[in-house]
Amino acid sequence: MTIQSLATTAALAALGAVPATAQAQATYALSAMPDGYNLQVYDDCGVEGRQPHIRCEGVHEYSPAVVAADEKARTVAWGWREVVAQYDGLDASRQYVAAVTYANEPYNNRVQSLWAGETQLNGARPLPKGGAERLLFRLPAAAIREGKLTLRFRLEAQVNAVVSVVELWAPAPSPETIHLSPP
Ligand SMILES: [Ca+2]
């Protein structure tokens, strides 16, 4: 952890925005996709028909004038309190990794946390302003029960909860068909 990120964490903790979550972030966040991993499931959130695992209030597309990112990042699923991703048919013996993409306008102070079942993967985190970011998280095996997994993107501050893309990766071959873009 750098001095800058320590200072940021301390500043947010002073505001009450980071309640003892730094350890959880250190435990589950990954800096790169592990070797041998392949894409298993892909939801392009914010595009009807391309987000089969997503439960949300609606979809939205940020203008490229306010969010400097590609279309997959600019299209978002949103919810007043949370956006939920539900999966089944997963193999609990596999060490899955989730890749989540967030985007946000420059004028909104969105802050969100991420949960896998009852486990917090990421504490209150400000979303990037005017851009996008893709974060990687190791998924705890206990979060997968009878092949089912629920990810929750929870509102921690203003506006509403949004997510641009949710990917699941595993150390296994990719399935024959993964829908990456509209037909
Ligand atoms: Ca999208």
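**Close-up views of a predicted model**

View 1. Setting aside neighbours within four places in sequence, Val163 makes contacts with Cys45, Val76, Ala77, Val83, Val100, Tyr102 and Phe153. Val163 belongs to the largest nonpolar core, which comprises 45 residues. Within this core, the residues that touch the most other members are Ala77, Val83, Tyr96, Ala98, Ala103, Val163 and Val166. Two of these residues, Ala77 and Val83, are also among the contacts of Val163.

View 2. In general, strands of a sheet pair through backbone hydrogen bonds, in either a parallel or an antiparallel manner.

**View 3. Pairing of strand 10 with strand 7 and strand 1.** Strand 7, spanning residues 97-104, and strand 10, spanning residues 131-138, are joined in the antiparallel sense over eight bridges. Val100 lies opposite Leu135 of strand 10; Val100 is also one of the contacts of Val163. Strand 10 pairs with strand 1 as well, in the antiparallel sense and over two bridges. Here, Ala29 has Phe137 of strand 10 as its bridge partner.

**View 4. Asp35 in the loop between strand 1 and strand 2.** Asp35 is classed as exposed because 6 other C-beta atoms lie within 10 Å, and a residue counts as exposed at 12 or fewer. Asp35 and Pro171 are 136 residues apart along the chain, and a distance of 8.1 Å separates their C-alpha atoms.

How values were computed: Residues numbered from 1 in each chain as written. Predicted model: local features only at pLDDT ≥ 70, side-chain atom pairs only at ≥ 80, totals over all residues. Helix = DSSP H or I, 4+ residues; strand = E, 2+ residues; numbered from the N terminus. Buried ≥ 20, exposed ≤ 12 C-beta atoms within 10 Å, placed from the backbone. Core = buried A, V, L, I, M, F, W, Y, C linked by C-beta atoms within 7 Å. Contact = placed C-beta atoms within 7 Å. Pairing = 2+ DSSP bridges.
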